[in-house]
Amino acid sequence: MRTSLAVVLAAGEGKRMKSRLPKVLHPIGGLPMLFHVLNAIGAGVDRIVVVASPAWKEEIARAVGREYPQAVVLVQTEQRGTAHAALVARDVFSGADDVVVVFGDTPFVSSKSIELMRGKLADGASLVVGGMLPDDPTGYGRLIMQGSQLVAIREERDASDAERAIEFCNGGIMALAGATALDILNEIEDDNEQNEFYLTDAVEIAHLRGLSVAAIEIAADEALGINDRSQLAQAERLFQTTRRAEFMAAGVTMIAPETVFFAHDTTLSRDVVIEPNVVFGPGVTIGEGVTVRAFSHIAGAHVAPGAIIGPFARLRPGASIGAGAHIGNFVEIKQADVGEGAKINHLSYVGDASVGAAANVGAGTITCNYDGVAKHRTDIGKGAFIGSNSALVAPVTIGDGAYVASGSVITEEVPADALAFGRARQVNKPGRAAERRNKKSSS
Ligand code: UD1
Ligand code: MG
């Protein structure tokens with residue numbers, strides 16, 4: 001097993017994002033773009049160094065520390081170019097057989113490409129570059145090949161007309177043999193148009209030393225870099241298009257896939273049907289045969305097989321919907337278990353609650369879970385029936401098979417199989433309406 005180090009360059013200021021959030025923490029599919037990169041680097045890499053600017057170090061370290069405790073965040077005090085940034089990790093270079101350098105703002109780099117490049121190192125290359133054929137090569141470094149050997153990368157700014165005509169471009173991933181990496185990078189100078197230390201100059205230095213330098217081809221999408229909000233939207237579009245295609249290939253029906261939006265971790269089973277205009281936030285699992293009707297929003301929720309959600313339903317974090325249950329229009333469920341076959345079909349809020357199997361929660365039912373200070377639970381038993389427009393003031397328990405009359409405000413436990421009235425009885429005054437009417441018209 002070869003030891004490995006990944007260096008993720010993320011010290012750009014991201015000025016064009018015009019944001020208080022570091023560029024690399026902006027989400028794609030609900031996951032910070034930096035985390036997409038860290039996931040691609042994956043578990044096969046021993047050490048990870050993320051290079052951040054002084055301005056964003058703390059935010060980036062906090063976010064990375066929560067999810068990737070094996071990664072270290074180091075600061076590049078001054079932005080002097082990509083080689084200068086990679087050298088921030090110089091102290092850990094020589095300990096690794098493979099050093100992989102990637103950019104934190106290039107979210108679709110794949111683990112497959114990284115593995116392929118490391119494979120070339122294992123086969124004896126000293127340096128490997130991920131090259132690509134973009135539709136428009138403007139702005140990219142050009143790869144100058146001699147047979148199978150890469151001899152130099154020329155940045156567009158420094159390229160001749162002939163070099164600019166080259167279509168094979170630097171996708172921004174580089175793998176270096178740890179044995180020579182530090183030596184090569186130390187030799188890079190800043191004698192170019194931008195007075196920066198270009199990582200790309202490592203190629204020519206290695207070649208002139210007689211070392212083997214290779215290029216592999218990666219998909220242009222893998223090198224999609226994000227500098228502004230419009231590229232962020234482009235990346236999101238690409239992410240969504242890919243996920244939709246994957247889900248359809250796995251047996252999910254979407255009537256208008258272009259209107260359905262997924263998170264990075266959405267899990268859908270076979271024969272799920274998703275109607276138009278549905279949004280999935282992070283943390284959703286949907287079981288086999290579930291139908292999600294139009295205009296529903298689902299985040300942090302689990303839906304068991306055969307349930308029907310929506311139209312216009314909102315499942316919030318902690319919602320767990322049992323098999324065959326129905327959650328209808330304008331119903332919001334939060335932190336609640338809804339039992340098998342239960343029905344909450346119209347205009348309800350059910351939060352911090354459990355609803356037993358086959359219970360029927362009528363239109364306009366509200367669990368009053370918050371008293372202004374703390375949240376409390378509502379437990380509704382199996383087969384219970386909650387009449388329309390009832391307020392269940394938590395903490396409160398409705399027993400199995402109990403029946404709550406419409407319009408009730410329930411503040412005390414309802415025993416199993418009891419009928420509870422939590423409202424005033426109706427009083428009829430015969431003829432009184434007509435009397436009032438007559439009085440008005442004679443005055
Ligand atoms: C770089 C490559 C270019 C390639 C392109 C692919 C170099 C010199 N050029 O150009 O060949 O085609 O990417 O997208 O490498 N960064 C730092 N510190 C610095 C400078 C940059 O951390 O001092 C980070 C940036 O935040 C960014 C990445 O390195 O994530 C790349 O830098 P950028 O300035 O975008 O390089 P390009 O000009 O796009
Ligand atoms: Mg760039």
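Predicted model: local features only at pLDDT ≥ 70, side-chain atom pairs only at ≥ 80, totals over all residues.
Reader: With which residue does Arg-154 form a salt bridge, and how far apart are the closest N and O atoms?

Author: As a general idea, side chains of opposite charge can pair when their charged atoms come close. The term salt bridge denotes a side-chain nitrogen of Lys or Arg within 4 Å of a carboxyl oxygen of Asp or Glu. Here the partner of Arg-154 is Glu-163, with 3.2 Å between the closest N and O atoms.

Reader: Is Glu-163 buried or exposed?

Author: The classes rest on relative accessible area: buried is under 20%, exposed is over 50%, and partly exposed lies in between (1.4 Å probe, protein chains only). Glu-163 counts as buried because its relative accessibility is 17%.

Reader: How many salt bridges does a search of the whole structure find?

Author: The search finds 16 salt bridges. One of them pairs Arg-80 with Asp-190, whose closest N and O atoms are 2.9 Å apart. This pair links distant parts of the chain, 110 residues apart: Arg-80 belongs to the loop between β5 (71-75) and α3 (82-86), and Asp-190 to the loop between α7 (178-186) and α8 (201-208). Helices (H or I, at least four residues) and strands (E, at least two) are DSSP runs, numbered from the N terminus. Arg-80 is partly exposed, at 24%, and Asp-190 is also partly exposed, at 25%.

Reader: Which residue forms a salt bridge with Arg-209?

Author: Glu-187 does, and the closest N and O atoms of the pair are 2.6 Å apart. Distant parts of the chain are again linked, with Arg-209 in the loop between α8 and β11 (213-217) and Glu-187 in the loop between α7 and α8, 22 residues apart. Arg-209 is partly exposed, with a relative accessible area of 35%, and Glu-187 is partly exposed at 41%. Elsewhere, salt bridges with shared partners join Arg-2, Asp-98 and Arg-118 into one network.

Reader: How many positive and negative side chains does the protein chain have?

Author: In this count, Lys and Arg are positive and Asp and Glu negative, while His and the chain ends are not counted. Each charge is placed at NZ of Lys, CZ of Arg, CG of Asp or CD of Glu. The protein chain has 41 positive and 51 negative side chains, and the centres of the two sets lie 14 Å apart.

Reader: With which residues is Lys-334 in contact, leaving aside its neighbours within four places in sequence?

Author: Contact means heavy atoms within 4.5 Å. Lys-334 lies in strand β25 (residues 331-338), and its contacts include Arg-316, Tyr-349, Asp-352 and Lys-375. Lys-334 counts as buried because its relative accessibility is 12%.

Reader: Where does Ala-159 lie?

Author: Ala-159 lies in the loop between β9 (149-154) and α6 (161-164). Ala-159 is buried, at 11%. Beyond neighbours within four places in sequence, Ala-159 is in contact with Arg-154 and Arg-164. The C-alpha atoms of Ala-159 and Arg-142, 17 residues apart along the chain, are separated by 8.1 Å.

Reader: What backbone features deserve attention?

Author: The peptide bond from Gly-310 to Pro-311 is cis, with omega near 5°; Pro-311 is found in the loop between β21 (308-309) and β22 (313-315). Another cis peptide bond joins Ala-394 and Pro-395, with omega about 0°. Pro-395 is in the loop between β32 (391-393) and β33 (396-398). Ala-358, although not a glycine, has a positive phi of about 60°. Ala-358 belongs to the loop between β27 (349-355) and β28 (360-361), and is exposed, at 52%.

Reader: What is the secondary structure of the protein chain as a whole?

Author: The secondary structure comes to 10 helices and 36 strands. Buried residues make up 48% of the 443 residues.

Technical notes. Residues numbered from 1 in each chain as written. Chains lettered and ligands numbered in written order. Heavy atoms only, no water.
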